[in-house]
Amino acid sequence: MVFLGAADDATCSGSGAGDCSEANNICVAGTSKCACATTSFRKGGTECATRIVLKATCVVAETDPDQCVVGAECKDDGKGAKKCLCKTTHYESSANCVPRIVPGATCAAKQCVTHASCNTTSTKCKCDAGYTATPTAKPTICSGVMKVPTLSYMLAVPIFVSMMSLLR
C-alpha cells in the first residue's frame with residue numbers, strides 16, 4: 001500500500017526513492033507523484049515516517065493507524081504497554097506478521113485461521129469440530145453456528161423431571 005504524502009505530493013520523473021525530496025518517499029510508477037514507501041506510514045497526515053517494528057513501543061492514535069509494520073497493529077501487550085503486535089488475522093514468523101493459513105493449506109502449529117488447527121498427520125489446516133470453511137469470506141475462515149437450547153426444550157426438561165419425581 002502506498003500513501004500519497006501531503007507534504008511531498010510533488011511530481012517526480014522516474015520510479016524510485018531518489019526522485020523525491022522527502023525521506024521515506026518513493027516515486028510511484030505511472031503516476032509521477034511522490035508517496036510514502038511501503039516501509040513508511042503517513043504520520044499526522046503530512047510526513048512519511050518509518051513504520052515501527054514488531055514488539056516495539058507505539059502510540060495508539062487514530063491519525064496514525066498504519067504506524068506498525070504490515071500485518072501488525074498498535075495494541076496493549078497485556079502488561080499495560082502499547083506495542084506493535086500481529087493482528088489476529090496474522091501470526092509472527094521471523095519478526096514479521098504473516099497472514100494466517102486457510103483450511104486445506106500446509107501449516108505448522110499455531111498458524112491456522114481462528115477456529116482451525118494444524119492436523120499433525122496431514123500438516124494441513126482443518127476447521128475445528130462444529131466449524132466449516134467459509135470460502136466466500138476473504139481470506140477463507142472457519143465459521144460455525146453456536147447451538148442454543150430452544151425455549152420449548154428449556155420448558156420440556158423441567159416438566160419431564162417433575163413427572164419423573166411423581167412416578168416414584
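Which cysteine does a disulfide join to C107?

**Entry 1: ground rules.** I am working on a predicted model, where local features need pLDDT of at least 70, side-chain atom pairs count only at pLDDT 80 or more, and totals for chains, interfaces and linings use all residues. Residues are numbered from 1 along each chain as its sequence is written, and side-chain values use heavy atoms, with hydrogens and water left out.

**Entry 2: the opening question.** I looked up C107 and found a disulfide to C118, with 2.0 Å from S to S. I count a disulfide when a pair of cysteine sulfur atoms lies within 2.5 Å. The torsion about the S-S bond of C107 and C118 is about 100 degrees, so this disulfide is right-handed. C107 lies in the loop between β9 and β10 (116-118), and C118 lies in strand β10, so the pair ties together parts that are 11 residues apart in sequence. Strands here are DSSP runs of E with at least two residues, helices are runs of H or I with at least four, and both are numbered from the N terminus. C107 has a relative accessible area of 9%, so I noted it as buried. Buried means under 20% relative accessible area, exposed means over 50%, and partly exposed is in between, with a 1.4 Å probe and protein chains only.

**Entry 3: other disulfides.** I searched the whole structure and got 8 disulfides. As a reminder to myself, a disulfide is a covalent bond between the sulfur atoms of two cysteines.

I then took the pair C12 and C27, whose sulfur atoms are 1.9 Å apart. Their link is right-handed, with 85 degrees about the S-S bond. The pair links distant parts of the chain: C12 sits in the loop between β1 (3-4) and β2 (25-28), while C27 is in strand β2, 15 residues apart. Both C12 and C27 are buried.

Next I looked at C86 and C97, which a disulfide joins at 2.2 Å from S to S. The torsion about their S-S bond is about -95 degrees, so this disulfide is left-handed. C86 is in strand β7 (residues 82-86) and C97 is in strand β9 (residues 96-99), 11 residues apart, and the pair links distant parts of the chain. C86 is buried because its relative accessible area is 14%. C97 is buried too, because its relative accessible area is 10%.

Entry 4: How do strand β6 and β7 run? I found them antiparallel, with 5 bridges joining β6 (residues 72-76) to β7. Two strands pair if DSSP finds at least two bridges between them. D76 stands opposite K82 in β7. The hairpin has 5 residues between the strands, and G78 takes a positive phi near 90 degrees there.

Entry 5: Most residues other than glycine have a negative phi, and most peptide bonds are trans. I noted H115, a residue other than glycine with a positive phi near 70 degrees. H115 is in the loop between β9 and β10. Its relative accessibility is 35%, so H115 counts as partly exposed. I also noted T123, whose phi is positive and near 50 degrees. T123 is in the loop between β10 and β11 (125-127). T123 is partly exposed because its relative accessible area is 36%.

Entry 6: Which residues make up the largest nonpolar core? I listed 9: Y91, I101, C107, C112, V113, A116, C125, C127 and C142. A nonpolar core is a set of buried Ala, Val, Leu, Ile, Met, Phe, Trp, Tyr and Cys residues joined through side-chain atoms within 4.5 Å. A second, separate core of 8 residues includes C74, C84, C86 and C97.

I checked the contacts of V113, where contact means heavy atoms within 4.5 Å. Leaving aside neighbours within four places in sequence, V113 is in contact with R100, I101, V102, P103, T140, I141 and C142. Then I checked Q111, in the loop between β9 and β10. Q111 is buried because its relative accessible area is 17%. Not counting residues up to four places away in sequence, Q111 touches Y91, R100 and I101.

**Entry 7: the whole protein.** I noted 1 helix and 13 strands. Of the 168 residues, 24% count as buried. Residues 24 or more positions apart account for 27% of the contacts with a separation of 6 or more.
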